[in-house]
Amino acid sequence: MPARSIIDISPAINPDLAVWPGDVGFSRKIQLDMAQGANLTLSSLSTTVHLGAHADAPSHFSTNAAPIDQVDLSPYIGPCHVVTCTKKRGSLIDAADADLAVAGGAKRILFRTLSYPEPTKFNTDFVAFSPEAIDVLGMAGVVLVGIDTPSVDPFESKDLTAHNSLLKWGIRNLEGLILSHVSDGAYELIALPLKLVGFDASPVRAVLRVY
């Protein structure tokens, strides 16, 4: 069978990658380095688990909910649809936007908002979801929703209504995707979280395969 094209939708992970203000940024420590005469190179990292393209666990925003090692992996791999949702910065994806997104019957939907254009520069006026939009997705049987911003909720949100609406419907989410180079349409999504026991999220290497 011919090889299928792979589109990387993950930002590069390095110290320049912006994280949520106040969270732990990425750093690398090199224990052994072949450039310094060692027989191998060995390094470790320190970072938030909400880094770049990542999957939230329900335990991130709900007490006694499942950590990332206990979530079902099936939502993170399978057919998906990328949809462009042009909204003013700082606004919310609403029920009407969600209605358009589910019209094709996709169960995994990635929203391309272009409202967080530079992964190394954190802007707080990114587009997020209204709880009503999540309800539309849930009623349509969507199992995963992704977005090209740091959060499904607005930056100022404290009650995290979109996150909790996802929990109500059992929808998994991906945040921090890079979709500026991706055309709308159908793809296969592969974005598996690491099996980090007890953790509230995991970075993913999110890719799309072209049908």
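## A nonpolar patch on the surface

Leu-32, Met-34, Leu-40 and Leu-42 come together as a nonpolar surface patch, with about 340 Å² of accessible area between them. Such patches take residues with over 30% relative accessible area and no salt bridge, joining nonpolar side chains within 5 Å; a salt bridge is a side-chain nitrogen of Lys or Arg within 4 Å of a carboxyl oxygen of Asp or Glu. Areas follow the Shrake-Rupley method with a 1.4 Å probe.

Met-34 sits in the loop between strand 2 (27–32) and strand 3 (42–46), strands being DSSP runs (E) of at least two residues. Met-34 is exposed, at 51% relative accessible area (exposed is over 50%, buried under 20%, partly exposed in between).

## About the model

This is a predicted model, where local features need pLDDT of at least 70 and side-chain atom pairs count only at pLDDT 80 or more, while totals for chains, interfaces and linings use all residues. Residues are numbered from 1 along each chain as its sequence is written, and side-chain values use heavy atoms, leaving out hydrogens and water.

## Aromatic pairs and a cluster

Rings of Phe, Tyr and Trp (its six-membered ring) pair when their centres lie within 6.5 Å, with planes under 30 degrees apart called stacked, over 60 edge-to-face and the rest tilted. That gives 8 aromatic pairs. Tyr-116 and Phe-122 have ring centres 5.7 Å apart and planes at 75°, so they meet edge-to-face. Tyr-116 is buried at 13%, whereas Phe-122 is partly exposed at 24%.

Phe-122 also pairs with Phe-126: centres 6.3 Å apart and planes at 85° make this pair edge-to-face. Phe-126 is buried, with 2% relative accessible area. Trp-20, Tyr-116, Phe-122, Phe-126 and Phe-155 form one aromatic cluster.

Methods. Buried means under 20% relative accessible area, exposed over 50%, partly exposed in between (1.4 Å probe, protein chains only). Patches are made of residues with over 30% relative accessible area and no salt bridge: like charges are joined within 9 Å, nonpolar side chains (Val, Leu, Ile, Met, Phe, Trp, Tyr) within 5 Å. Helices (H or I, at least four residues) and strands (E, at least two) are DSSP runs, numbered from the N terminus.
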